Amino acid sequence: MPPKPEFIFIGKVKPDVRWHNQQSVHEHHELIVVLSGIMHISSRDQQVELRTGEAALYPAGVPHWEHSDENEPVESCFLVFRDPRLSGDRIAVNKDQGIFLRPLAAALYEQSISGGECLFGNEILALMLKIFAVPASAEDKPSGLVRKVNAFMHRNLGSALSLSDLAESAGLSKYHFLRRYRRETGRTPIQVLWEMRCAEALSLLKYTALPIKEIAARTGFSDSAHFSRRIKEFSGKLPRQFRDS
């Protein structure tokens with residue numbers, strides 16, 4: 001028989017405007033379902049805003065960071081699971097199936113805190129993953145411009161990229177590029193570039209034995225002090241502390 005997804009744990013993020021998860025790289029897969037409010041999620045080349053009922057799936061090993069909306073604090077459930085059939089290097093999103101995913105996640109969480117075993121955890125997880133796999137609407141996908149520029153940034157993380165370089169890759173003037181990118185993502189391209197660099201650096205620290213100095217150079221940091229400062233701001237830990245954690 002083909003392997004089935006294995007439920008491990010379910011937890012909840014409670015509404016708090018200060019809540020943030022600066023950077024995570026998980027050993028297992030994780031399914032996020034927003035119960036209320038708004039969650040902002042980023043990865044190396046993606047920026048996602050999840051609203052009530054919407055969901056995201058992080059394949060194991062994909063660096064990501066999250067924070068609550070300041071005006072509509074998020075409440076969400078996160079399901080941790082194993083599934084040897086699942087792989088990938090991007091966050092998957094479904095914005096269309098909240099009518100099913102939201103009550104299933106809430107029910108499974110309530111069962112988990114009742115003091116007993118999560119009955120039918122594997123079965124509920126399998127159903128949620130099947131529902132999640134229903135394609136999201138095309139309008140929720142990032143625009144061609146954002147995908148193109150983010151891919152350009154990711155290919156050139158070690159280079160000294162300027163706003164002019166990014167605008168040129170998009171075929172626009174700096175002014176029009178900055179306006180369009182910020183309107184579509186809610187962030188500046190330079191902000192996203194530095195977040196990509198930090199996320200890639202943390203992935204290399206976690207999963208390779210490369211010297212820290214080489215990782216800094218590969219990901220576009222000017223010197224070790226700059227690298228340490230940015231990584232501490234991004235992850236809450238210095239590079240050596242993150243590697244040893």
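## Close-up views of a predicted model

**View A. Glu 168, an exposed residue.** Glu 168 has a relative accessible area of 63%, so it counts as exposed, the threshold being over 50%. This structure is a predicted model. The residue belongs to helix 4, which spans residues 163–170. Between the C-alpha atoms of Glu 168 and Glu 123 the separation is 50 Å, and the two residues are 45 positions apart along the chain.

View B. Five strands make up an open sheet with the order 1-8-3-6-9, and they pair in the antiparallel sense. The edge positions are taken by strand 1 (6–13) and strand 9 (92–94); each has a single partner strand, so one side of each has no neighbour in the sheet. Averaged over the sheet and with direction ignored, neighbouring strands are turned by 20° against each other.

**View C. Strand 3 and its two partners.** Strand 3 covers residues 29–36 and strand 6 covers residues 55–58; the two are antiparallel and share four bridges. Within this pairing, Leu 31 is opposite Leu 57 of strand 6, and Glu 30 is opposite Tyr 58 of strand 6. Strand 3 is also joined to strand 8 by seven bridges, again in the antiparallel sense. There, the residue opposite Leu 31 is Leu 79 of strand 8. Of the eight residues of strand 3, seven are buried, so the strand is largely enclosed by the rest of the structure.

View D. Helix 1, residues 98–112, lies across strand 1, strand 3, strand 6 and strand 8 (75–82). Its direction makes an angle of about 95° with strand 1. Helix 2, residues 121–132, lies across strand 1, strand 3, strand 6, strand 8 and strand 9. The angle between helix 2 and strand 1 is about 75°.

**View E. Strand 4 between two pairings.** Strand 4 (residues 39–42) directs Met 39 and Ile 41 one way and His 40 and Ser 42 the other way, and all of these residues are buried. Strand 4 pairs with strand 5 (residues 47–50) over four bridges in the antiparallel sense. The two form a hairpin, with four residues between the strands. Ile 41 faces Val 48 of strand 5 across this pairing. Strand 4 also pairs with strand 7, antiparallel and over four bridges. In that pairing, Met 39 has Ser 68 of strand 7 as its bridge partner.

**View F. The second largest pocket.** The volume of the second largest pocket is about 290 Å³. Its lining consists of 14 residues, and those nearest the centre are Trp 65, Arg 187, Glu 195, Glu 233 and Phe 234. Two or more lining residues come from each of strand 2 (20–24), strand 7 (64–68), helix 6 (189–207) and helix 8 (224–235). Helix 6 contributes the most, with four residues. Sorted by class, the lining holds four nonpolar, five polar and five charged residues. Strand 7, one of the elements lining this pocket, is the strand that pairs with strand 4 in View E.

Technical notes
Residues are numbered from 1 along each chain as its sequence is written. This is a predicted model: local features need pLDDT of at least 70, side-chain atom pairs count only at pLDDT 80 or more; totals for chains, interfaces and linings use all residues. Side-chain values use heavy atoms; hydrogens and water are left out. Buried means under 20% relative accessible area, exposed over 50%, partly exposed in between (1.4 Å probe, protein chains only). On a 1 Å grid over the protein atoms alone, a cavity is a set of points where a 1.4 Å probe fits but cannot get out, and a pocket is an open set with protein on both sides within 12 Å along at least five of seven lines; lining residues have an atom within 4 Å of a point. Grid points are joined across faces, edges and corners, and a volume is the space filled by probe spheres set on the points. Ala, Val, Leu, Ile, Met, Phe, Trp, Tyr, Cys and Pro count as nonpolar, Asp, Glu, Lys and Arg as charged, and the others, Gly among them, as polar. Two strands pair if DSSP finds at least two bridges between them. Axes are lines fitted to C-alpha atoms, for helices over the stretch in contact, and angles run from 0 to 180 degrees between N-to-C directions. Contact means heavy atoms within 4.5 Å.
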